[in-house]
Amino acid sequence: MKRSLSILLILAASISASAQDTLFNWLYNPSFEDHMECPRKIDALGTLTIVDGWYQPTKGSADYYNVCGSRECGIPKNKLGIQSVKDGDGYCGIYCSKTDYREYLQTQLRQPLLPNRTYRLSFYVSLSEYSPHKVATIGGLFTRHRITDTVFSLLMDKQVRRVAGHVSQTIATYYHPQVVNPVDRLLDDTDNWTLISGEFVAEGGEQFLTIGNFNPASTSNFVEIPGDHLLPGAYYYIDDVSLICLDCLDTTTASPVPAPAAQHPDTAAYQVGTTIVLRDLYFDFDKSNLLQQSYHELIQLITLLNRYPKMKIEISGHTDNRGTSEYNQRLSEDRARAVTNYLIDHGIDGRRLSYSGYGKSRPIATNDTEEGRAANRRVEVKIVSM
């Protein structure tokens with residue numbers, strides 16, 4: 001019996017033809033409440049890993065704050081400023097700097113956007129009083145695929161184009177967020193939260209939201225703030241993100257929107273022999289290094305194992321058919337080991353875990369298409385005992 005972890009942990013809630021359902025937030029963890037642990041340190045080269053469902057798409061180290069956090073990461077006062085929450089107990093912070101250094105937040109939507117439907121994105125920002133300047137053009141970008149880069153600077157749309165033969169070049173263009181704060185409206189309030197909101201019509205299939213400043217300095221309306229300041233750039237707290245569909249009443253075209261994970265899923269859904277496919281695991285290309293986009297899926301697996309403390313599992317890695325058998329065997333085993341080590345590092349007893357690599361020997365789809373090969377590149381979890 002093979003299942004998806006998201007199916008096992010999430011209850012479906014259909015969109016009904018009522019006005020209340022149009023106010024359903026299509027974002028998971030919109031106020032940054034759910035977290036693996038309380039934040040303890042602001043690291044200039046750190047990685048956002050402990051906020052459920054949110055991560056940083058570049059090397060720019062987005063920060064997390066919570067009322068349970070340390071002195072550096074607390075609320076209302078923390079290392080980078082002073083601000084109370086807009087909603088709940090937590091918020092995040094990013095640089096939208098005048099310099100080349102930038103930070104962004106990214107999340108996956110509960111389901112892809114529907115074509116030709118109107119959506120409203122809104123979120124709140126507050127400028128840190130320690131910032132030496134302020135900016136206008138913070139916005140939200142919706143994309144069909146994850147956008148990631150290894151830079152610390154402006155996130156740009158980089159596409160490799162073949163010129164001739166084996167010669168290719170990378171063309172970088174600016175992203176254009178569907179919702180962006182007007183360039184003539186400076187975001188300069190350090191005491192209160194400022195709403196950024198806008199409506200757009202979806203092309204359909206957009207699955208990811210990235211928040212930040214996508215404009216170069218020359219078009220961002222940066223304004224210097226007189227005086228001495230502790231920070232090197234324009235630093236903004238982000239809270240209370242919302243994505244609402246304004247015209248999704250037609251249930252003939254609207255797909256079910258998943259609700260948050262059930263606190264007590266049906267025990268009968270889990271039994272010895274059940275195989276769970278971890279569909280949202282991401283690794284560096286041809287490597288076994290887990291990318292931070294994987295943490296949401298792994299957090300759900302940790303939650304499952306903590307909920308059933310006697311459960312033992314086997315973690316298996318699989319590849320497509322490209323490459324030699326020896327290479328694929330080694331890669332699949334390394335990736336299964338990486339998942340195992342992540343679970344152990346986050347408190348799961350290693351005696352409950354085993355791992356294996358099967359290379360390309362157990363495909364679940366055709367290797368003749370990219371979609372099939374993507375399905376075959378997977379990590380599975382099999383319940384060995386309960």
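Are Cys245 and Cys248 buried or exposed?

Mentor: In this predicted model, both Cys245 and Cys248 are buried, and the two form a disulfide in which the sulfur atoms are 1.8 Å apart. The torsion about their S-S bond is about 80 degrees, so this disulfide is right-handed. By the distance rule for sulfur atoms, the count comes to 2 disulfides, and the other one joins Cys38 to Cys68, with an S to S distance of 2.1 Å. That link is left-handed, with -115 degrees about the S-S bond. It ties together distant parts of the chain, since Cys38 sits in the loop between strand E2 (10-13) and strand E3 (54-55), while Cys68 sits in the loop between strand E4 (63-66) and strand E5 (77-78), 30 residues apart. When the bonded cysteines are counted along the chain, the disulfides follow the pattern 1-2, 3-4. Cys73, by contrast, is in no disulfide, and the nearest cysteine sulfur, which belongs to Cys68, is 9.7 Å away. Cys73 has a relative accessibility of 0%, so it counts as buried, and Cys92, also at 0%, counts as buried too.

Terms used
Residues are numbered from 1 along each chain as its sequence is written. This is a predicted model: local features need pLDDT of at least 70, side-chain atom pairs count only at pLDDT 80 or more; totals for chains, interfaces and linings use all residues. Side-chain values use heavy atoms; hydrogens and water are left out. A disulfide is a pair of cysteine sulfur atoms within 2.5 Å. Helices (H or I, at least four residues) and strands (E, at least two) are DSSP runs, numbered from the N terminus. Buried means under 20% relative accessible area, exposed over 50%, partly exposed in between (1.4 Å probe, protein chains only).
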